Amino acid sequence: LLSRRVQRHYAGFAASQLRLFGERATAKRALYVLRTCATGRHLLAHGEVVTDVARLAEFVPPEAAELLDLKRRSEQQPLAPEVAAAWRTRLRAALGALDGAAASSMLPAEPPPPAIAAANAWLVELRRAAW
């Protein structure tokens, strides 16, 4: 069922986290944006869902170690305004990279109809068994 449509899902969630970062800029929120963008880009490039940031290094800016350190020290502490501004730029770039990743994805544009039919049949059967 995987297709390039996953880009919309990951981009939508990352954009919502970026909006929250704008309301209260913490390292934790910035890391949500980075992890979501990196996971989506990896999925589009390799057809595999990976959420371990250590395995997503090629899709995460090298400065992410700074965020991890800040999060370890104080997860909910707002970032200094100049630090938040620098990260806002990087987070927008990560979201932009995710938006551009669909065009070169190895995934099909849409899920194949037989896969959709099989998933639907499985879900209907599961519901019938549970009711």
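## A partly exposed glutamate and its partner

Glu-63 is partly exposed, with a relative accessible area of 30%. The classes are: buried under 20% relative accessible area, exposed over 50%, partly exposed in between (1.4 Å probe, protein chains only). Glu-63 forms a salt bridge with Arg-90. The closest N and O atoms of this pair are 3.8 Å apart. Glu-63 lies in the loop between H2 and helix H3 (64-73), and Arg-90 in helix H4, so the pair ties together parts that are 27 residues apart in sequence. Helices (H or I, at least four residues) are DSSP runs, numbered from the N terminus.

Arg-90 counts as partly exposed, at 25% relative accessibility. Arg-90 also has a C-alpha distance to Leu-34 of 9.0 Å. Those two residues are 56 residues apart along the chain.

## Basis of the model

This is a predicted model: local features need pLDDT of at least 70, side-chain atom pairs count only at pLDDT 80 or more, and totals for chains, interfaces and linings use all residues. Residues are numbered from 1 along each chain as its sequence is written, and side-chain values use heavy atoms, with hydrogens and water left out.

## Salt bridges

How many salt bridges does a search of the whole structure find? The search finds four. A salt bridge here is a side-chain nitrogen of Lys or Arg within 4 Å of a carboxyl oxygen of Asp or Glu. Side chains of opposite charge can pair when their charged atoms come close. The Glu-63 to Arg-90 pair is a salt bridge with its closest N and O atoms 3.8 Å apart.

Asp-69 and Arg-73 form another bridge, with the closest N and O atoms 3.0 Å apart. Both residues lie in helix H3. They are four residues apart, about one turn of the helix. Asp-69 counts as partly exposed at 36% relative accessibility. Arg-73 is exposed, with a relative accessible area of 59%. Arg-55 pairs with Glu-48 in a salt bridge. Here the closest N and O atoms are 3.4 Å apart. Glu-48 is partly exposed, at 35% relative accessibility.

## Packing of H1 and H2

H1 and H2 pack at an angle of about 170°, with their axes 8 Å apart. Axes are lines fitted to C-alpha atoms, for helices over the stretch in contact, and angles run from 0 to 180 degrees between N-to-C directions. The two helices are therefore roughly antiparallel to each other. Angles under 35 degrees count as roughly parallel, over 145 as roughly antiparallel, 65 to 115 as roughly perpendicular and the rest as oblique. The crossing of H1 and H2 is left-handed. That term applies if the near helix is turned anticlockwise from the far one by less than a right angle; clockwise is right-handed.

Cys-37 sits in helix H2. Is Cys-37 buried or exposed? Cys-37 is buried, with a relative accessible area of 1%. Cys-37 and Ala-14 are 6.5 Å apart, C-alpha to C-alpha, and 23 residues apart in sequence. Ser-16 belongs to helix H1 (residues 6-23). Ser-16 is partly exposed, with a relative accessible area of 22%. The C-alpha atoms of Ser-16 and Val-33 are separated by 8.6 Å. This pair is 17 residues apart along the chain.

Leu-18 is also placed in helix H1. At 15% relative accessibility, Leu-18 counts as buried. The C-alpha atoms of Leu-18 and Ala-109 are separated by 26 Å. Along the chain, Leu-18 and Ala-109 are 91 residues apart.

## Packing of H2 and H4

Helix H2 (residues 27-46) also packs with helix H4 (residues 81-101). The angle is about 20°, and the axes are 9 Å apart. H2 and H4 are therefore roughly parallel to each other. H2 passes H4 in a left-handed crossing. Arg-90 lies in helix H4.

## A nonpolar surface patch

Which residues make the nonpolar surface patch? Trp-122, Leu-123 and Leu-126 make the patch, which has an area of about 310 Å². Patches are made of residues with over 30% relative accessible area and no salt bridge: like charges are joined within 9 Å, nonpolar side chains (Val, Leu, Ile, Met, Phe, Trp, Tyr) within 5 Å. Accessible areas come from the Shrake-Rupley method with a 1.4 Å probe; for residues, only the protein chains shown count as cover.

Trp-122 is in helix H5 (residues 113-130). Trp-122 is exposed, with a relative accessible area of 57%.
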